[in-house]
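These are my notes from a first look through the structure, kept in the order in which I looked things up.

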Number of protein chains: 2
Amino acid sequence: NYFLDIWDVNMLRRPDEVNTPQHSTHLYASDHLIVRRGQEFQLKVTFDRPYKPSDDQFAVEFVIGGSPQYSKGTYIPVSVAKDRQSPWAGRVVDSTDNVVTVGITPAPDCIVGKWRTYVAVVTPYGIRRTRRDESRDLYVLFNAWATGDSVFLDDADEREECVLNEVGVIYHGAYDDMSERPWNFGQFDYGVLDACLFIMDKAAMPITNRGDAIKVARKASAMLNSHDDDGVLVGNWSGDYTYGVAPTSWTGSTEILLNYSSSKTPVCYAQCWVYAAVFNTFLRCLGIPARVVTNFFSAHDNDGNLKTDVILDENGRIDKHRTKDSIWNYHCWNECYMSRPDLPQGFGGWQAVDATPQETSDGMYRCGPASVQAIKHGQICFPFDAPFLFAEVNSDVVFYSRNPRDGTLDPVKVNSSHVGRMVVTKVPGQDARRDITDQYKFPEGSPEERTVLEKAEEYGCHREKATPPEADVELDMPLMEVRVGDDFELKLEFNNTSDQARTVDVYVSGNVVYYTGVTRGVGRYRSTWPTSSEIVRSQDYMRKLVEQANLHFIATGKVKETGQIITSMRVVTLHTPKLSVEVSGLAKVSEEMMVTVEFTNPFKFNLEDVYVRVEGPGVMPPKYKHYSLITAGSSLTWTEGVTPRRAGPTKLMASLDCAALRQVYGQAQLTVKP
Amino acid sequence: NYFLDIWDVNMLRRPDEVNTPQHSTHLYASDHLIVRRGQEFQLKVTFDRPYKPSDDQFAVEFVIGGSPQYSKGTYIPVSVAKDRQSPWAGRVVDSTDNVVTVGITPAPDCIVGKWRTYVAVVTPYGIRRTRRDESRDLYVLFNAWATGDSVFLDDADEREECVLNEVGVIYHGAYDDMSERPWNFGQFDYGVLDACLFIMDKAAMPITNRGDAIKVARKASAMLNSHDDDGVLVGNWSGDYTYGVAPTSWTGSTEILLNYSSSKTPVCYAQCWVYAAVFNTFLRCLGIPARVVTNFFSAHDNDGNLKTDVILDENGRIDKHRTKDSIWNYHCWNECYMSRPDLPQGFGGWQAVDATPQETSDGMYRCGPASVQAIKHGQICFPFDAPFLFAEVNSDVVFYSRNPRDGTLDPVKVNSSHVGRMVVTKVPGQDARRDITDQYKFPEGSPEERTVLEKAEEYGCHREKATPPEADVELDMPLMEVRVGDDFELKLEFNNTSDQARTVDVYVSGNVVYYTGVTRGVGRYRSTWPTSSEIVRSQDYMRKLVEQANLHFIATGKVKETGQIITSMRVVTLHTPKLSVEVSGLAKVSEEMMVTVEFTNPFKFNLEDVYVRVEGPGVMPPKYKHYSLITAGSSLTWTEGVTPRRAGPTKLMASLDCAALRQVYGQAQLTVKP
């Protein structure tokens, strides 16, 4: 046989072979080679005789999508000949006997997805090409390690965390009394990468756009929710999760993504942190650096306007029928890291994206990417959806007094420091939180802050211009630690800064705040100076608690002598009982060990229809158990034998969920020995 | 009765009353008062006794949407008292006997739509309010005449044309052999305004966004096509229009909009000019200045890249299987006039919007508004979809030679002046066309043009960088006038600019270009120097003609001595026979006159299943007739009695359409006497 005959093509895909450790893709549970673009990988071609560069000509070809075209970047022939340029560089690394080791560097802006690999030999009689062999399919991902890639992130710690860490922490509750919960992103789990690619297929996203991190992130922000497009997750804030999994019950993304890609129908149910967590999995899985952030007191549905309206009646009491806007106690979204060649210089870096379906100003259920730098500087004229995100962290809360005669509203108090009180995310490499408020806003009251707000107004964000006089009586509701189920005392602190006597009637409205802006009262209290505290009873709120496990109190009142309005807002986080997770036995790859989840019902009432979930990356896939009844004071113990699959540090994460008690989490850290 | 009692509220809505002539809304056929915002209108309130400003207090209230709120601008109480500020100014114009004439000025940024009107009297026992009375509903439109309105247009001729003219001209064909067709926008026809408001309802567009011209235009660009959202028009480029009306057959927008609003399902069928024409009706009807523009040689589906690829084989012949991109002979979109407070200064004015569903880079079937100024200056970083529109007028046509051995492509010729060859629109007040290419681009070859292209590249538009050497043989296919059905001679002109002998093999590929980029060959010809023309026979193209009625020829070849590639492109517009429209009798309001449409089949073949349509603003609503057969050489005459409804100059417009012959139009101008 004069011309080269191809006997074998070896993708060198095993974790102990050259490619995956160098590409930081060894953690993916996959039957295929997975590499990152803009970086060389190797494959071995075995011919029927030694390769002679002077006589023989062969190419490795990569093909993606239904109608591969060279000019579209969907058909890539890679030549190893020195005189030929290929879109992806190719070279002979080694040629021994009949085996040629080829080094191939996918272009740093190439299409991300699943490529088919062929080897072709040129003969005078035409081209001889290998047949399609699925085992040679090649996944090419974004590469935060490659300088030429638009997602290049020049910080090793951030990169490790935001691409490779499977375990996350999501913050919630109140900025001054924060809760946290672990989450298993599971981006390396078997089938998750295919599920993420399926999401783009389902969205009919053109193949040629799939190398563009901006477009991928934007498309995913639309596809993560089921609105418009039969996307991944169905939102539900009703408190009734009978026909699905309660948003508070999930412990990781894997189950959700695998369920979606196998059923091809939206998964029930999600709230903001579930959207953000699954979106995070999607981004990390494809190689785009990403993190979940939490914004405390997040404004929403304001049409890009910078105010949230609270309407008071003539006595200074909240008019619940007319107060339609609301503020979330917290809201989670994502940041992803990428350059922004579509914008002027300086707006690359972290980009905010939000997959939770809100009624954005554009009427679309997607949001971002918006440059965080642009948000900070009020440069909200650039795509995508920057005015909306700007409003989420910068809105004023405006209290209006309503004239009962003709319905007109007069602004009586403007609180400009409440919304966007704090933005936090996890510290790279540690289970600790980091305050990143300064990446979104200049300090409260600084001259820069004023300039930025003026800039945003130039771009059409409307603010309340009136500056009603400050009252000379201050009202505060100080922080308190409360366990769910406890009665507690809500303190009202008055401070009379005038030198005259002041009489105040204060109305306190306590609510569980729902996503949709509908609030459900847990009591209304009237305090008259000098009374300074109110007892909130658990029976008032326990039946109305939904997933948020925190209560929002607004105190408003009128100073009798001056007619001035005083207001104060307080979120009370209801601390839930802990779920204990323990491991026993030696944690060693391929050896069985025991995981024990324990919980004691500390309440005086029974818990019914309880779901307990547990999972751990590399240790156990998501499992759940249903307990129809946990009587008051009784305990449950669930022991499960598991066999770790992978060495290294990891976590086991568990949740307990039922209609009467949500947001109960537990975790155990462990290090699996090789 | 001590307190005022309301006897009647008169909206003064008749054309002979004060409001509609002043608001330029007298042309609307409507049972309701229609006014433009930012400008005073009057209404008369009749009480049971004279109004005493010192004692009596009343307000006129306007309400829109399902949950009216003062703070959202959906509930507007207007007081006439001097000491009260209203969001809409109110004053007493006149108070005679029991009748008060109230002047009300809707805010220049108020919500556009259908408001409900109430009058309320304040009494110590509460408010007495009139009941809902549909006849008092008030339509508030955008106002191009009001300086405070974001659509203010400071040019009386443009304003008259782009808001008030019902009759338009749409240009098509080739830039150097243009065809035109009339269109009845019909924005004042009975039911059209309600249909336009229905489109926003159907899109579930938040009421509070409906005062924002940017959002209204963007939402409508999505809703005018049926993709994603069950919008107004279904696109069809197949040539088979059996189950609907052929795109070429429509003569106006009225039928389409009324059909959509009554059936609430998409109307069949449209191509670009139908989308643009109906979008134009929508915008003019709501008061946003708008015009239809035509771009000759419009690039599309390029993912915002600045090149359209033509792949040649080794002989310089087009490789039809590998040439997937295409260029439309022409494409129509809209421009609408508005300020852009969401962008930096200088980008207000005309904004491009496109309702034709193309696969935009964002994967959404909507496009714009994009500032035409921003497109001209390459400032394509600003919303919305500027890169896509920039590519439509600025792409290069790149010819690649394909290496048959390994499939790689080498650029051999770049034609940078073909795409966006000319952009035209109608001159205000005249049936003439205006070249507005200079509003989209700097002159070809100017230093500004180069700067702009570099700017666009900075924002991520990719261009072909190679500058292959120019051939020293030039090839041209000169303009020729051809009637549909005729054989014609396609001339090839060679010009050898070298001083040596040159041999050229030229391949000519003639096609009918379809929207989707699929082309259908009408013949392939091979010319060898010095042969300089080819006969194109009607039998080659007649059966393949679709609605476009023009043929696209690309000639490519290789100079034997040098291997250089030469190319030339030519669109041949096939001129269709005229349809005669004549009126007889006196054109006078409310008096019957005769309209006669005549057509003679000039071909040697029969025309089957022919639809003839005719309509005229203020004269006759859309009517059509079906002729199953018009034999070769025979004629049809259709006479219809019509009764003009309105005085002034107008047009009657007719179309004739069948599978074998499209784009046949006729019109008659007339002036109806009062």
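Predicted model: local features only at pLDDT ≥ 70, side-chain atom pairs only at ≥ 80, totals over all residues.

I began with A:Phe297, which I found in strand E15 (residues 290–299) of chain A.

Next I looked up the cis peptide bonds. In chain A, the bond from A:Gly368 to A:Pro369 is cis, with omega near 0 degrees, and I placed A:Pro369 in the loop between strand E18 (349–353) and strand E19 (370–371) of chain A. In chain B, a cis peptide bond joins B:Gly368 and B:Pro369, with omega about 0 degrees, and B:Pro369 lies in the loop between strand E18 (349–353) and strand E19 (370–371) of chain B.

I then turned to a sheet in chain B, an open one of three strands in the order E33-E34-E37, paired in the antiparallel sense. Strand E33 (580–584) and strand E37 (635–642) of chain B each have a single partner strand and stand at the edges, so one side of each is left without a neighbour in the sheet. Neighbouring strands of this sheet are turned by 20 degrees against each other on average, with direction ignored.

I followed the pairings strand by strand. E33(B) pairs with strand E34 (residues 593–600) of chain B over five bridges, in the antiparallel sense, and for B:Glu582 the bridge partner in E34(B) is B:Thr596. Eight bridges join E34(B) to E37(B), which also run antiparallel, and here I noted that B:Met593 has B:Val642 as its bridge partner in E37(B).

My last entry concerns the contact between the chains: how many residues does each chain give to it? I recorded 48 residues from chain B and 47 residues from chain A. The area buried between chain B and chain A is about 3900 Å², of which carbon and sulfur atoms give 44%. On the side of chain B that touches chain A, the elements that give two or more residues are strand E5 (75–79), helix H4 (213–223) and strand E16 (307–312) of chain B. The residues of that side of chain B divide into 17 nonpolar, 12 polar and 19 charged.

Notes
Residues numbered from 1 in each chain as written. Chains lettered and ligands numbered in written order. Heavy atoms only, no water. Pairing = 2+ DSSP bridges. Helix = DSSP H or I, 4+ residues; strand = E, 2+ residues; numbered from the N terminus. Axes fitted to C-alpha atoms, helices over the stretch in contact; angles between N-to-C directions. Contact = heavy atoms within 4.5 Å. Buried area = accessible area lost by both parts, 1.4 Å probe. Nonpolar A, V, L, I, M, F, W, Y, C, P; charged D, E, K, R; others polar.
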